[in-house]
Amino acid sequence: MRIWVEYLSNDFLKKTRYSALVHYMVNRLLNRTVLVIDGILNPQIQSQLIASLLKYVNTEFYGVDFKIVNAKVFSKKTKRMMIIYPVTRDILLGIDNSSESLRLSFTFDVCS
Amino acid sequence: MGLLQKLLRKSKKIHIRIGIFGEVGAGKTTLANYLTRNTIGVEIGTVTGIPHETREIKEIENLVIKYNGKELNMTIVDTPGLATYIDYREFMKHGLTETEAITRAKEATKGVIEALRELDKVDLAIIVVDSTRMPFSQVNMMLVGNLELKGIPTIIAANKIDLPNAKPKIVSEVFSNKPVIPISALTGENVEKLIEEIAKLMG
């Protein structure tokens with residue numbers, strides 16, 4: 001089983017059209033990618049993302065969850081970042097955040 | 001009746017569509033039921049302990065409330081609870097069979113999508129927050145942010161103040177730029193203040 005973690009820079013968010021961005025993130029999240037967003041997504045994009053992803057809910061894929069962290073990641077300054085991750089039957093994501101680091105852990109439920 | 005009189009009479013009547021939004025189990029249907037039961041004597045929906053009991057939009061029209069000489073004609077819209085994910089196994093913990101739980105999860109996801117669409121249709125929003133839980137969930141933040149961007153007046157109802165572990169002050173602190181009314185939708189405590197706030201915002 002493979003999990004990807006993808007960082008989306010602020011530049012990428014700014015230059016990508018609203019609908020294209022939602023489409024991009026939906027595809028990534030459905031394919032077991034954890035998105036680390038530089039900044040906080042606009043609430044309208046958040047709701048569009050939730051609405052788009054909930055159409056795919058089944059007995060394996062349950063939707064997404066969001067977490068906002070403050071960390072010095074890819075930058076010397078502490079920044080607010082949004083982590084968006086798929087919620088599935090077999091993977092549990094843990095997020096450990098301090099001002100200096102951001103650690104993601106994945107627990108696989110191989111029995112389910 | 002003269003045209004001017006008709007217009008004046010019409011101008012005093014305000015028709016508003018009020019959406020009740022919030023997380024699953026916050027007490028949206030309990031509040032909607034309290035409002036409709038005490039004005040037109042009917043209830044809008046059923047309340048049980050099972051999550052996602054309201055899975056489709058329910059609305060009741062023509063709830064008339066008089067406030068300061070104005071007549072507010074309201075349509076109350078009870079929306080399904082918002083969630084970012086739905087795990088069908090949660091329903092099985094409440095006694096549903098696997099098939100029932102899967103069906104309920106499918107209906108619940110449609111309900112969430114409908115509730116999100118309803119954000120574009122309301123004149124005023126009440127966000128019901130369970131004041132026994134920490135209020136800064138992503139769903140609440142997303143709701144407030146969306147309504148702000150759309151310019152829709154919003155009231156936060158800090159619900160469940162009848163419970164000993166309720167902390168409506170925390171809700172007020174988190175949503176300090178919005179009117180926050182501590183209420184109990186179950187007992188009706190402070191619901192009048194909520195109606196006053198609706199009238200103030202729409203009057």
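**Helices across the interface**

Colleague: At what angle do H3(A) and helix H5 (residues 138-150) of chain B pack?

Modeller: This is a predicted model: local features need pLDDT of at least 70, side-chain atom pairs count only at pLDDT 80 or more, and totals for chains, interfaces and linings use all residues. Residues are numbered from 1 along each chain as its sequence is written, while chains are lettered from A and ligands numbered from 1 in the order in which they are written. Helices (H or I, at least four residues) and strands (E, at least two) are DSSP runs numbered from the N terminus, and axes are lines fitted to C-alpha atoms, for helices over the stretch in contact, with angles from 0 to 180 degrees between N-to-C directions. The axes of H3(A) and H5(B) are 8 Å apart, and the angle is about 120°.

Colleague: How is H3(A) classed relative to H5(B)?

Modeller: Under 35 degrees counts as roughly parallel, over 145 as roughly antiparallel, 65 to 115 as roughly perpendicular, and the rest as oblique. The angle here is about 120°. H3(A) is therefore oblique to H5(B).

Colleague: What is the handedness of the crossing of H3(A) and H5(B)?

Modeller: A crossing is left-handed if the near helix is turned anticlockwise from the far one by less than a right angle, and right-handed if clockwise. On that rule, the crossing of H3(A) and H5(B) is left-handed.

Colleague: Which residues in H5(B) meet H3(A)?

Modeller: Contact requires C-beta atoms, placed from the backbone, within 7 Å. H3(A) brings Pro43(A), Gln44(A), Gln46(A) and Ser47(A). Their partners in H5(B) are Met142(B), Gly145(B), Asn146(B) and Leu149(B).

Colleague: How do the residues of that contact of H3(A) with H5(B) divide by class?

Modeller: Nonpolar means Ala, Val, Leu, Ile, Met, Phe, Trp, Tyr, Cys and Pro; charged means Asp, Glu, Lys and Arg; the others, Gly among them, are polar. The contact of H3(A) with H5(B) divides into three nonpolar, five polar and no charged.

Colleague: Is H3(A) roughly parallel or roughly antiparallel to H4(B)?

Modeller: Helix H3 (residues 43-54) of chain A and helix H4 (residues 98-118) of chain B have axes that come within 9 Å. They cross at roughly 150°. That makes the pair H3(A) and H4(B) roughly antiparallel.

Colleague: What classes make up the contact of H3(A) with H4(B)?

Modeller: H3(A) contributes Ser47(A), Ile50(A), Ala51(A) and Leu54(A), and H4(B) contributes Thr109(B), Val112(B), Ile113(B) and Leu116(B). By class that is six nonpolar, two polar and no charged.

Colleague: Which element supplies the largest share of the side of chain A that touches chain B?

Modeller: In the interface, 15 residues of chain A are in contact with 16 residues of chain B. H3 and strand S3 (61-71) of chain A each supply at least two residues of the chain A side. That side has nine nonpolar, five polar and one charged residues. The largest share, seven residues, comes from H3(A).

Colleague: Is His52(B) buried or exposed?

Modeller: His52(B) lies in the loop between helix H2 (28-37) and S2 of chain B, with a positive phi of about 60° although it is not a glycine. Most residues other than glycine have a negative phi. Counting other C-beta atoms, placed from the backbone, within 10 Å, 20 or more is buried, 12 or fewer exposed, and in between partly exposed. His52(B) has 20 such neighbours, so it counts as buried.

Colleague: And Asn62(B), buried or exposed?

Modeller: Asn62(B) sits in strand S2 of chain B. Asn62(B) also has a positive phi of about 60°. With 11 C-beta neighbours inside 10 Å, Asn62(B) counts as exposed.

Colleague: Which residues does Glu60(A) contact, leaving aside neighbours within four places in sequence?

Modeller: Glu60(A) is in the loop between H3 and S3 of chain A. It has 10 C-beta neighbours inside 10 Å, so it counts as exposed. Its contacts are Thr88(A) and Arg89(A).

Technical notes:
Two residues are in contact if their C-beta atoms, placed from the backbone, lie within 7 Å.
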